[in-house]
Every structure is written in structure tokens, then in C-alpha cells.
Amino acid sequence: MARIELTDIQKHFGAFQVLKNVNLTIEDGEFVVMLGQSGCGKTTTLRAIAGLETVSSGTIRIDGREVQDLKAADRDIAFVFQSFSLYPHMTVYENIAFPLRAVGMNQSEREAAVREVARVLGIERLLNRKPSALSGGDMQRVAIGRALVRRPKALLMDEPIGALDAKLREQMRAEIKRLHIARASTSVYVTHDQIEAMSLADRIVVMHGGLLQQVGTPEEVYNRPANLFVAQFVGSPVMNVADVGVENGGLSFGAGAGVAMPAGLIAHLPKNAVKLGIRPEAVRLSHEPGEGMVETETTNLEPLGSHEIVDVRLGGATLRARAEPGFVRGQGQRLWVGLDAERAHFFDGETGMALRRTA
Amino acid sequence: MADVMTRLEPNSRAAARGLSDLSIRNLFIIPTITFLIVFNVFPLIYSLYTGFTDYRASTTAPANWVGLANFRELLSDPFIWRNFTITAKYVVISVTGQVIVGFGLAMLLNRPMALKGLITTLLMLPMMLSPAVVGLFWKLLYDPSFGIINYFLGLGKFEWLADPQMALWAVAMVDIWMWSPFVMLLSLAGLSAVPKHLYEAAEIDRAGPFYTFFRITLPLVAPILMIAIIFRTMEAFKTFDHAYILSSQPTTELIAIRLYKMAFLEWQTGLSSAFAYIVLIVVVAITNIYVKYLNKAKAR
């Protein structure tokens with residue numbers, strides 16, 4: 001297993017800069033998920049670690065050895081592609097055995113290694129089939145098997161379950177997690193799906209515009225977003241963001257609406273150009289008036305089975321709240337709304353950076 | 001509503017197409033079928049008949065039915081067998097050369113490079129020329145006195161086309177020059193269809209260039225390469241023009257040349273018809289073997 005260090009990585013495609021000063025250390029045995037929108041540079045970073053993409057400047061170290069100028073074959077890493085990239089003319093057995101044959105491993109050792117990996121992945125019955133006769137999930141299991149069979153220093157995965165249907169994705173997610181725990185391999189996983197990121201990662205790296213926005217555990221990224229982008233990218237439904245004025249004892253939402261806040265939580269904030277971020281589960285709804293609650297009415301209702309998303313007006317802002325099924329009858333219903341002050345986030349209205357209290 | 005749609009649909013379809021099925025049949029299909037019957041099917045059947053007669057197109061004497069005598073005579077003639085042997089050797093040299101050169105060129109061109117389109121077009125020029133013209137100017141290139149080939153190779157006055165050992169190689173070389181671009185073109189199509197991510201996967205799997213070529217590239221291009229080989233084998237069996245122009249050596253007398261002499265110099269029309277059918281059967285048999293391999297390659 002290996003420790004991967006990226007230092008000052010820059011990458012240009014012509015005049016376009018894809019990676020801007022990427023600095024990241026992935027510890028031995030860690031599962032890191034790179035999360036971001038299409039075109040944010042996450043796949044380019046992964047391919048640069050693998051050696052499938054050169055970097056314009058900066059250093060990449062695997063176990064302390066500089067590898068940025070080495071070919072992919074000399075880096076001893078494995079890569080799982082989104083498109084599976086199975087060799088279509090070979091059987092599953094031949095596909096998994098390919099990396100071992102390529103380095104001249106003898107047949108008996110090869111066979112033992114392939115059968116061991118096939119057993120772990122539960123694909124022994126498929127060994128004589130061609131990839132064209134496999135389901136999407138089985139193809140990805142074979143692709144993972146081919147990656148794991150030679151026990152690489154690190155396992156890199158580029159949206160490996162992105163092409164599967166929702167149910168299979170959930171199943172494969174659990175399998176990938178199980179494999180990682182069993183093998184403790186250093187893994188770097190790229191996805192645009194924040195649920196995958198939250199459920200798999202030891203640490204999440206959120207990327208946007210070629211820059212690392214935040215690196216942290218799933219809890220840190222979810223509960224203490226470094227900036228507005230992270231706050232709105234992670235979490236479903238997305239975090240509510242509203243322009244607020246900071247006044248004595250609370251926040252004003254315009255149009256005369258305001259919510260009381262403990263002074264200790266807002267004392268550090270400037271008076272203007274502040275954005276409030278609050279997750280739907282931190283927006284409290286009640287049929288009865290209560291302390292710190294404001295009367296309002298619902299503007300929309302999305303029933304999702306396990307819970308409902310309720311939209312309410314608060315001054316000039318619309319907030320989305322998470323409620324129990326059946327809590328609200330429909331739109332236009334009068335109720336009271338309040339905010340969980342401890343779970344409120346504040347961001348600089350201009351830079352988007354989190355405004356945190358100094359301890 | 002459904003009735004209205006049923007009644008309107010045929011008219012609106014015809015209007016959209018511009019031509020009715022009947023017009024298409026009369027304008028295109030009937031003339032084509034007539035042409036094929038007159039110029040292909042009828043001669044094919046008629047020559048099969050003449051193959052069983054002693055017919056000579058140079059005389060007015062009626063054709064007499066001789067049964068299998070023509071076929072017996074041909075198959076027991078050692079000179080005919082020699083023609084077949086020469087042709088087989090020629091086909092092997094020519095097609096092998098074309099596959100090596102054509103596939104090699106395709107490998108070189110299958111990468112991003114400046115002026116790729118222009119280079120590809122220039123490389124395809126030989127196959128656009130008339131075989132007779134190619135034969136004539138290669139005769140000049142091979143000329144022992146002023147030919148540029150001897151000049152560059154420093155071979156003095158070496159007689160390429162008169163040397164019994166070298167003449168067939170020299171003729172095959174011209175075929176390789178002319179038709180390698182065809183193999184190149186098909187190979188290029190095959191190579192560019194191999195997904196780039198498979199090469200990336202092979203690189204990650206630590207496969208070297210030779211291992212990648214033999215285990216990934218070649219098996220995936222094999223079906224289209226086999227199609228090129230089928231076409232070139234059939235064509236090489238029929239080689240006549242440039243071979244006839246280049247050399248009159250007995251060692252370069254391919255079956256097409258022998259057939260031409262038999263039919264139009266010796267006027268043995270019945271015998272040459274039987275000969276043509278034997279050649280046809282051989283070519284069909286060889287093609288069938290290739291098609292079997294093609295299907296196997298496709299199944300892989």
C-alpha cells in the first residue's frame with residue numbers, strides 16, 4: 001500500500017488551466033473521494049496520479065518516489081475506468097489474468113491469484129464468459145478484479161459505478177466499501193455523486209474550477225463547509241442560502257421578516273453582505289407558535305415517501321424544510337418556522353468563504 | 001380517426017419520398033436486373049455450357065458436346081498445374097507483402113500527426129492508377145539499362161524481369177506497391193475503431209508494446225484485416241494486366257495469362273471455359289476457408 005502526495009500540481013490543456021496548484025496528501029490505506037461537477041478537474045487529477053495524463057508542473061510522489069515523469073506501467077497502481085475497459089475478445093478469466101501475464105507470472109500462480117480474486121468478488125461462475133455476456137454490475141466486478149489481482153500500491157477509480165442503474169449502484173457501493181475494508185488498499189475514487197462520496201470516503205476532496213475547495217471527513221464537509229460552493233454541492237436537498245441582514249438579536253430576511261438568534265452565534269458577523277446557509281433539516285416547522293418562530297405559509301410540497309420537502313416564505317427568501325410525511329397538507333397552509341441556530345452557517349456575501357466564530 | 005390515418009398515410013409517404021415504389025422498380029430495379037442478366041448471368045451459364053463442348057469462337061463449326069473431356073484434359077495437364085503453382089506462389093508473396101506493408105503504414109498513420117490527411121491520400125494514389133499503366137512504368141523502373149531501381153540498388157544491369165528466379169518476385173512487388181494502400185485503408189479503419197481506453201487499461205496493466213500489439217491490437221483488428229485478405233486474394237488470383245505487360249517469362253505465367261492465351265490466342269473457347277470454371281471453383285473454395293476464419297475472428 002502507498003502514500004500519495006501531490007505538490008503544486010498544475011495542468012494546462014492549451015491555454016485552459018485545468019488544475020490550479022493542487023496540493024493533497026493521501027495517507028497509506030486511506031479511501032479518498034474526489035467530488036465535483038463535470039469539468040472541475042477531478043478526473044484529470046486521478047489520471048495524473050495514474051500516469052495517463054502528464055502534468056504541466058508540480059510533483060507527484062508515491063511512497064516518497066517522484067513519479068510524475070514515469071509511465072503509467074512503472075507506477076504500480078491500478079485503475080478502474082468508468083467504461084469498465086474490459087478486453088472484449090477475452091474471457092473474464094483472461095481479463096483478470098491479463099496484468100499477471102503481461103509481467104510473465106507463471107501459470108499456476110496466475111491461476112491461483114485469479115481464482116482468489118474471483119472468489120472474493122463472487123464472480124467464479126463467470127470466468128469462462130466474454131464481457132459481452134455480462135451485466136453492468138458483473139462487468140464492473142471484473143474490472144475491479146483485474147485491478148486488484150496484482151495487489152497494486154494504490155487503487156484509482158474513475159466514476160466506477162456511474163454507468164450503473166440506481167439500485168445496482170447502491171449494491172456496488174457497499175461492495176467497494178467492503179473490499180476496501182478487507183484489503184485496506186490506498187484508494188482514490190472520483191465521483192460527482194455526493195451520496196457515493198459521503199458513504200465511501202474516509203476523506204472527501206471537493207473540487208471546483210481546478211481548485212481544491214475543501215478536504216475533510218464527510219462529517220466535516222457536511223457540517224462545516226469551507227465555502228458556499230461546498231455548502232451547496234454537498235447535501236440533498238441542497239442547503240438553503242439566503243441574503244440576511246445582521247441586527248441586534250437576530251437576522252432579518254427583508255420585507256419585515258426576522259428570526260431571533262443567540263447573540264454569541266452572530267456577534268462575529270459583519271452587518272451587511274452576509275449569506276445564511278441552513279440545511280433543510282435545520283429549518284424547524286411547527287403548527288403552533290413557539291420561541292423564535294415566525295408565522296408563514298407553505299408555497300410548495302414535495303412528498304418523497306420517507307419524508308417531505310416543504311417550501312416556506314420567510315421575508316424575501318424561500319426556505320426548504322424537511323418534514324415528516326403528512327405534516328403539511330399542501331401549499332398555502334399557515335404554520336410557524338424557526339431555525340436551529342447551532343446548525344446555521346454564515347458566509348461572506350462577496351467571497352463566499354465561511355464566516356466562523358473564533359474559538 | 002384511425003380510418004382517416006390509414007387512408008391518408010400511403011399518399012403522404014409517397015409524397016414525402018418523391019417517387020412511388022412502382023417508379024423505383026421501373027426506373028432502377030428492372031434496368032439493373034436486366035443488365036445483370038445480360039452481362040453476368042447469361043455469360044456465366046453460356047460459358048458453363050461451352051465448357052462441356054469443343055467450341056471454337058474462331059470458326060463457324062458447330063459446338064460438339066464432349067462431356068467432361070475438357071476438365072479431364074486440363075486437370076491432367078502438367079503445364080496447367082505449373083500455372084496454378086506459380087499463381088499460388090504469386091498470391092502468397094503478393095498478399096503477404098500487402099498485409100505487412102499496408103498494416104505497417106496503418107500503424108504509422110494511426111496517431112495524431114501533421115498533414116495526416118494529405119499523406120494518407122498520397123499513399124492511396126497507386127491503387128487509383130490503371131494496372132496497365134502501372135505495368136508500363138514499372139517496366140521502365142525495372143529496365144536493366146536505365147531503370148532507377150538498379151541505379152539506386154547499385155545492381156548494374158540486373159535483369160529483373162528476364163531472370164527466371166526474380167521475375168515473379170518483381171511482378172509481385174508491383175502488386176504489393178499498387179494494393180498495399182487498400183490494406184492500409186481497411187487496417188486504418190480497424191485500428192481507429194479500437195477504443196483508446198483499452199490501450200490505457202493495457203498500459204496500467206503493465207503490458208509492453210509488443211504484448212499490447214499481439215494481445216489487444218491484432219485480435220481486435222483481425223476481422224477487418226481478414227476482409228482485406230479475402231479481397232486481395234481473390235484479386236491476386238485474377239491478376240492479368242500488369243503481369244502480362246511486365247514479363248513474358250514462363251515462370252510468371254499466371255493462370256489468368258494462361259487462360260487469356262488459351263481463349264484468345266489459341267481460340268480453344270470450350271477448353272478455356274472449362275478452365276475458367278476450375279479457377280472459379282478454386283477461388284470460391286479459398287474464399288470459403290477465409291470466411292470461416294473471419295467468422296471465428298468475429299466470434300472472438
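Seven residues of domain 1 and six of domain 2 make up the contact, meaning heavy atoms within 4.5 Å. About 530 Å² is buried between these two domains, with carbon and sulfur atoms giving 65%; buried area is the accessible area (1.4 Å probe) that two parts lose on being put together, summed over both. On the domain 1 side, A:Y222, A:P225 and A:L228 lose the most area to domain 2, together 86% of what that side buries.

The model is a prediction in which local features need pLDDT of at least 70, side-chain atom pairs count only at pLDDT 80 or more, and totals for chains, interfaces and linings use all residues. Residues are numbered from 1 along each chain as its sequence is written, chains are lettered from A in the order in which they are written, and side-chain values use heavy atoms, without hydrogens and water.

In chain B, the axes of helix 10 (residues 209-237) and helix 13 (residues 269-299) come within 9 Å and cross at roughly 175°. The axes are lines fitted to C-alpha atoms over the stretch in contact, with angles from 0 to 180 degrees between N-to-C directions. The two helices are therefore roughly antiparallel (over 145 degrees). By class, their contact has 16 nonpolar, two polar and one charged residues.

Note on methods. Helix = DSSP H or I, 4+ residues; strand = E, 2+ residues; numbered from the N terminus. Parallel < 35°, antiparallel > 145°, perpendicular 65-115°, else oblique. Nonpolar A, V, L, I, M, F, W, Y, C, P; charged D, E, K, R; others polar.
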